[in-house]
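Please keep the sequence and the coordinates at hand while reading.

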Amino acid sequence: MTEVDQHVCRLFNRANRRRMPARLFAAVSRLGDGVFWYAIILTLPLIHGAAAARVSLQMVAVGLISLFLYRWLKHTTSRPRPCQAEVGILQSVAPLDEFSFPSGHTMHAVGFSIILIAYYPMWSIIVIPFTLLVALSRLVLGLHYPSDVIAGALIGSLTAAASLYAFSGGMIS
């Protein structure tokens with residue numbers, strides 16, 4: 001898996017050597033730091049009414065659980081980032097922390113998107129493309145291996161699914 005991870009990482013990172021893709025993915029990454037999601041969480045009740053506050057709280061809960069898992073996994077695995085471990089990987093933005101596995105940006109983007117779309121499917125037109133761009137940005141910017149992004153997406157999906165199950169009172173409709 002390591003050779004495939006390295007090869008795919010190098011392929012995506014080539015886009016980081018071009019000005020427009022580098023700027024685009026740096027901006028997406030910055031928004032994926034939380035700015036985009038915090039704005040949605042705070043404005044949901046304004047857009048959809050008081051009942052949306054529950055959805056915002058559920059997104060916050062998923063974010064906090066994911067943050068705990070993310071920090072634990074980062075320090076347990078201590079996997080170096082591609083830009084630190086691989087020759088020729090260009091890093092154009094500073095990482096938020098030291099280690100690579102899993103991708104916290106992807107984990108949060110997937111988890112938040114699943115919760116939001118479960119209640120308000122019309123948001124999918126905005127959050128699905130953004131979530132895909134966040135995941136791609138991690139590869140293009142040389143901050144994560146593909147397996148980091150895949151693991152982040154899986155953990156975010158599982159955390160969101162568990163939250164939806166718990167918030168529904170254990171009943172899946």
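Helices (H or I, at least four residues) and strands (E, at least two) are taken here as DSSP runs, numbered from the N terminus. On that basis the elements of the chain run α-α-α-α-α-α-α from the N terminus on, which amounts to seven helices and zero strands. The radius of gyration, taken over C-alpha atoms, is 16 Å, close to the 16 Å that the globule rule gives for 173 residues, so the chain is as compact as a globular protein of that length; the rule itself is 2.2 Å times the number of residues to the power 0.38.

The model is predicted, with local features needing pLDDT of at least 70 and side-chain atom pairs counting only at pLDDT 80 or more, while totals for chains, interfaces and linings use all residues. Residues are numbered from 1 along each chain as its sequence is written, and side-chain values use heavy atoms, with hydrogens and water left out.

Buried means under 20% relative accessible area with a 1.4 Å probe, protein chains only, and contact means heavy atoms within 4.5 Å.

| Property | Value |
|---|---|
| Buried residues, of the 173 residues | 44% |
| Contacts joining residues at least 24 apart, among those at least 6 apart in sequence | 79% |

Over residues 57–164 the chain is 71% helix and 0% strand, and the end C-alpha atoms are 12 Å apart.

Notes:
Buried means under 20% relative accessible area, exposed over 50%, partly exposed in between (1.4 Å probe, protein chains only).
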